[in-house]
Amino acid sequence: MDKSKPYPGSPVEARGQTATGRVITVTSGKGGVGKTTLTANLGVALAALGKKVVTIDADIGLRNLDIIMGLENRIVYDLIDVIEGRCKLRQAMVKHKQYQSLYLLPAAQTRDKTALKPVQMIRLAEALKKEFDFILIDSPAGIERGFQNAIAAADEVLIVTNPEISSVRDADRVIGIIEAKSKNIPAHLVLNRIKPEMIKRGEMLSADDVMEILAIKIIGIIPEDETVLIAGNTGNPGTAAKASIEFNNIARRLNGEPIPFPSYDDHPGFFQRLIRMFNNNP
Amino acid sequence: MSSFMDRLMGRKPKAAKSAKDRLKVVLVTDRAHLSPEELRSMQQEIVQVIQKYCRITEGEVDLKYEQRDRDNFLVADIPLKPRSDGEKPGMLHLQTSLTPIIEEDTSLLRIEYEVDEFATREFDPSTIQTPRPDESSSEITQKREVPGNEDTRSSG
């Protein structure tokens, strides 16, 4: 399907309106690589840039975006309530405490992935596109139904991976599936939780290594940062020390700003290597 | 082996390098939907076919997989021995892109969807104040026939 146009018979086409919002799905294949954290932090970062943002938790049955965003106590209705007509879309959206232009559409906790169909996600996204600049969909792990739901409405995809073989392999699989669906969906890589010191020692895959293997464009390189856990514990995305700088950079790159990547890779000069060797710290 | 020279020259010792090398190999089989065993026997058969027509030394056959962007290529350089002495030897260079015979199952990604017993009610777009899209539009129904068809392999 040509993603630049609304699909035939869509609400948007029927009204002759142009939807401007971008639907960006955050996915990974492997679990635990940082999809929810990235979604929450991008939501906050984009809202801080003055954008209207809604984050959607597509992990039906295992919702977590709410708690990471610190909004778990404000949920009245969820995504499935909207889909099944028990409430209006507006009623299910939870406004962020701090950022007035940031909303969360939570997942249902007591249902499973089969409660949602890809076509319903497409319709939902079409409706949200008219009101929001960014619709960020947090995909569940895996490549089954939940992933298919999350990807169905995507205009763009962010693939999250860690510099670790199994998550890179799973990322490759996910990229392959998205490519098989459509070559027109831009996919960008977010390399999460890198440890520059390990890369320097040649013990961890570098951003260049992962880019070479996966052969897709990179949009973010996020260093390992313990304070991300603290920000999650307290439900305050956007407050991590080092990582938040990079989350903000990804948001700005998504927004079209040419933000350069900080260099974490090891390309030290000859003398630096010599010094490091004599410090017995190769 | 991370020797003194390796460290001096800034070459990567073990772990990262080995992760990269192992990933490159496993992704060939993942992407082409071939098991490592199938890959090995394919290599052997290719060599056997060439041997039917030419004299080659198996140890000199360089058959490898190359990744170019998101595509895999099977590339072979095979030195040919002259059939009789005195003739000039040649070199056979084969190159092909590997496309899986079994296409990625994208049936779930199409807009049409199997009827789901758990979904109690269709999502009613009136709840979001927009007109209901016409589901029986031609583009959607056209796509219905394809899945499982033998000839989806085509050019890729």
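**Note on the predicted model of chain A**

1. In chain A, 76% of the contacts (heavy atoms within 4.5 Å) between residues at least 6 apart in sequence join residues at least 24 apart.

2. This is a predicted model: local features need pLDDT of at least 70, side-chain atom pairs count only at pLDDT 80 or more, and totals for chains, interfaces and linings use all residues. Residues are numbered from 1 along each chain as its sequence is written, and side-chain values use heavy atoms, with hydrogens and water left out.

3. The mean pLDDT (the predictor's confidence in each residue, from 0 to 100) of chain A is 89, and 87% of its residues reach 70 or more. Over residues 1-16 of chain A, the pLDDT is below 50, although this stretch has 37 contacts in the model beyond near neighbours in sequence. Where pLDDT is low, the predicted coordinates should not be read in detail.

4. Chain A has 13 helices and 8 strands. These are DSSP runs numbered from the N terminus: helices are H or I with at least four residues, strands are E with at least two.

5. Of the 282 residues of chain A, 56% count as buried (under 20% relative accessible area, 1.4 Å probe, protein chains only).

6. Is helix 2 of chain A enclosed or open? Helix 2 is largely enclosed by the rest of the structure, because 12 of its 14 residues are buried. Among them are Lys35(A), Leu38(A), Leu42(A) and Leu46(A).

7. Gly50(A) follows helix 2, with a positive phi near 90 degrees.

Technical notes:
Chains are lettered from A and ligands numbered from 1 in the order in which they are written. Buried means under 20% relative accessible area, exposed over 50%, partly exposed in between (1.4 Å probe, protein chains only).
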